[in-house]
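The sequence and the structure are shown below.

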There are 2 protein chains.
Amino acid sequence: MKAYIEMNREELLEERARLTEKFEEIKGRKLQLDMSRGKPSYKQLELSNGMMDVLASDSYFNDETGTDCRNYGVLSGIPEAKKLMGAMSEVGPEDMIIFGNSSLNIMFDTVSRSFTHGVCGCTPWCKLDKVKFLCPVPGYDRHFRITEYFGIEMINIPMSETGPDMDLVEQYVNHDPAVKGIWCVPKYSNPQGYSYSDETVRRFAALTPAAEDFRIYWDNAYSIHHLYEDPEDQDVILELLDECRKAGHPDIVFKFISTSKVSFPGSGLAAVAASPKNLEDIRKHLMVQTIGHDKMNQLRHVRFFGNLPNMKEHMHRHAAILRPKFQTVLNTLDTELGGLGIGSWTRPRGGYFISFDAMEGCAKAIVAKCAEAGVKLTPAGATYPYGRDPEDKNIRIAPSYPPAKELKKAADVFVTSVKLVSVDKLLEKM
Amino acid sequence: MKAYIEMNREELLEERARLTEKFEEIKGRKLQLDMSRGKPSYKQLELSNGMMDVLASDSYFNDETGTDCRNYGVLSGIPEAKKLMGAMSEVGPEDMIIFGNSSLNIMFDTVSRSFTHGVCGCTPWCKLDKVKFLCPVPGYDRHFRITEYFGIEMINIPMSETGPDMDLVEQYVNHDPAVKGIWCVPKYSNPQGYSYSDETVRRFAALTPAAEDFRIYWDNAYSIHHLYEDPEDQDVILELLDECRKAGHPDIVFKFISTSKVSFPGSGLAAVAASPKNLEDIRKHLMVQTIGHDKMNQLRHVRFFGNLPNMKEHMHRHAAILRPKFQTVLNTLDTELGGLGIGSWTRPRGGYFISFDAMEGCAKAIVAKCAEAGVKLTPAGATYPYGRDPEDKNIRIAPSYPPAKELKKAADVFVTSVKLVSVDKLLEKM
């Protein structure tokens with residue numbers, strides 16, 4: 001098909017008529033589909049049901065050191081949970097603290113603690129005139145919401161296939177003492193599915209921050225969330241904590257991890273990996289905040305998965321469900337939008353999202369159009385700090401939740417909406 | 001036996017010789033007993049093992065509205081958990097938000113939120129020169145540690161059998177706008193086991209705080225934790241949220257509750273009850289902090305307990321284990337210390353503690369003496385803000401954890417230590 005941008009007014013009007021008819025037909029189907037969040041599907045949830053059988057009334061409830069997991073005690077996690085989550089995070093058990101069910105909650109608490117009490121003895125952020133965070137964009141809306149909530153100024157850093165623009169990152173971090181952090185999803189990034197190159201990771205490790213309390217918020221949410229089983233088709237990134245140690249800056253990173261998309265979202269384990277100095281600082285706070293996290297759920301995870309190889313096996317089963325969904329969306333995008341010159345999209349090998357860039361000024365209208373036809377997308381702008389996409393072009397597509405057979409319909413709604421909005425935009429410009 | 005205070009020097013020296021011998025004999029037993037924390041015993045933990053069977057791989061995982069509890073979603077708790085915890089808290093489900101596994105964590109977060117963002121739109125505490133909390137003493141060390149951590153000035157309020165000194169509370173709360181809160185354990189108080197009288201509760205509800213953001217931190221930790229089954233032998237307190245409503249001040253209270261000592265400590269449910277305005281304020285914060293708490297554990301609790309009457313039945317089984325332990329300690333205190341004039345103690349009908357008041361200046365020495373003989377007690381002073389008991393006399397006794405047959409030994413160590421330290425103190429004064 002001819003690229004839209006090469007069409008003349010008449011051709012565009014003709015195309016619009018055709019698309020409008022199709023859109024009305026689609027609307028008539030009264031769909032109710034949700035592609036807004038990175039939510040596992042029913043079939044994926046079923047994979048972890050066995051986790052409900054590993055603890056029963058006659059189980060042995062002690063951890064490997066003999067601590068009864070049913071009682072109070074053990075602030076930073078049972079040893080075997082530290083081993084399992086450490087393996088998942090590619091660090092040692094001694095580098096870990098196990099928390100509750102949500103890594104987002106750990107990140108929130110980390111920012112909150114820095115705000116009220118400062119990082120490792122530095123001035124609490126609430127006493128500073130200005131605190132800034134770097135935000136690779138497009139990125140994860142929940143990250144941006146935390147920093148916005150604490151009145152932290154967010155600075156957009158463009159993303160590429162190799163990670164954030166490191167020239168810009170270095171310029172800010174190494175020279176501006178108000179820059180206290182950067183949000184990163186280093187592997188299968190949200191929403192693009194990009195993985196940081198070795199050079200990017202090494203440049204992170206080599207940062208020499210102007211602020212003593214600068215930290216990299218390394219949200220490795222998709223560390224083992226590959227779509228393909230063949231190692232050749234999997235992304236690999238360097239392990240940052242180790243790189244930071246080697247570069248002589250062990251304290252500049254917090255690594256966050258969770259099993260939210262491994263076992264059950266909302267009932268998984270979340271953890272942080274960091275240097276001894278940072279862990280000590282966290283522990284001091286944690287001792288006041290709680291008597292301890294849910295050790296029975298730690299035990300449940302350890303008994304169910306056993307070790308990282310089993311966990312990776314389990315992730316293959318997730319991939320088998322997710323892969324065709326990504327392929328359905330990508331095929332529809334390729335077939336329906338390929339060559340039209342009205343959008344580009346990423347082709348992730350893992351994670352939960354596809355990032356779509358429409359023509360400038362079209363994202364909001366496309367999301368609205370999809371909603372009109374019963375397909376819910378993440379609000380346009382959400383992938384940017386303050387919900388403001390300066391070019392109004394990025395849309396995050398989350399293919400995981402709708403059942404496979406519904407997904408094709410949702411993808412059809414999407415491409416039709418993209419075409420319709422783009423034609424309108426082009427006509428408007430004429 | 002003759003009261004120690006009536007003994008002359010010779011009698012005291014004789015008594016000391018006798019006690020020293022006994023103490024050395026006890027030390028030789030090489031005990032290792034812990035009466036330091038309100039920790040349920042092994043037998044109590046066994047009571048809730050059935051909770052591990054109510055969810056299995058073939059269970060139905062939806063809540064009553066059809067929400068799949070295995071997935072993301074539902075910020076403030078599943079409806080049936082709100083009903084159950086609401087019943088336990090003597091309020092309606094609409095008054096509740098269900099959190100994670102720790103009510104202490106909710107209290108911490110409540111103070112932290114007030115510090116960073118203010119209460120219902122009021123100035124964040126981090127921007128105020130001075131924030132004060134009232135602390136009924138003796139009280140719960142973990143409460144005091146939270147307010148100390150945030151640099152909040154703590155003011156001691158004497159406790160009596162009917163609750164805190166309300167004249168003093170009214171004087172502070174109604175006249176000092178820097179007073180933003182008061183820590184309360186209204187039923188079977190920690191450590192005395194006192195329950196607030198109706199008049200006390202009504203006077204709380206009738207407070208007219210000078211600070212718009214003053215809140216009563218009502219930690220109803222032992223709401224259904226009776227030691228006796230007969231209602232005649234159980235304490236009953238007025239429900240504060242309702243009293244506050246009737247008094248026209250629905251917003252001045254946060255009620256905290258948890259199942260830590262009902263199901264498994266560390267793997268229970270925690271919740272807050274408050275007015276619609278307060279709940280709305282909490283929800284705004286919660287939306288940024290987390291995607292949601294562990295709904296599977298909510299479902300597990302609901303399926304296991306079903307309703308409040310069953311939960312109360314369950315508490316009878318706890319009481320059957322705890323009651324003899326309290327009696328052992330009280331009998332030993334009565335028999336060994338009765339009439340000696342060197343200490344007084346409370347006789348709780350519920351909760352987890354007995355409060356012991358030694359002669360002035362003796363508490364630290366008694367706790368040290370017990371430690372020497374292998375019995376761990378809560379550090380003396382812990383029941384006061386900043387760990388400073390001005391008279392060095394209060395000791396919190398936690399009889400729950402040691403096995404029944406060990407407890408008699410621990411109680412013997414305690415009374416022998418009290419006697420020995422008291423004799424020394426009296427001799428010192430001569």
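Predicted model: local features only at pLDDT ≥ 70, side-chain atom pairs only at ≥ 80, totals over all residues.

Sorted by class, the contact between α4(B) and α5(B) consists of five nonpolar residues, one polar residue and one charged residue.

Two packed helices are described by the angle between their axes and by the distance between those axes. For α4(B), residues 103-117, and α5(B), residues 141-149, the axes come within 10 Å and cross at roughly 25°. Because angles under 35 degrees count as roughly parallel, α4(B) is roughly parallel to α5(B). The crossing of α4(B) past α5(B) is right-handed.

Chain A is treated here at the level of its domains. Its division is into domain 1, covering 4-44 + 312-429, and domain 2, covering 61-306. The centres of domain 1 and domain 2 of chain A, taken over C-alpha atoms, are separated by 31 Å. Domain 1 of chain A contributes 26 residues to the contact, and domain 2 of chain A contributes 28 residues.

On the side of domain 1 of chain A that touches domain 2 of chain A, the elements below each supply at least two residues.

| Element of chain A | Residue range |
|---|---|
| α11 | 308-337 |
| β11 | 354-358 |
| β13 | 394-397 |

Helix α11(A) gives the most to this side of domain 1, with eight residues. By class, the side of domain 1 of chain A that touches domain 2 of chain A holds 13 nonpolar, eight polar and five charged residues.

Notes. Residues numbered from 1 in each chain as written. Chains lettered and ligands numbered in written order. Axes fitted to C-alpha atoms, helices over the stretch in contact; angles between N-to-C directions. Helix = DSSP H or I, 4+ residues; strand = E, 2+ residues; numbered from the N terminus. Parallel < 35°, antiparallel > 145°, perpendicular 65-115°, else oblique. Left-handed = near helix turned anticlockwise from the far one by under 90°. Nonpolar A, V, L, I, M, F, W, Y, C, P; charged D, E, K, R; others polar. Domains from an automatic or database assignment. Contact = placed C-beta atoms within 7 Å.
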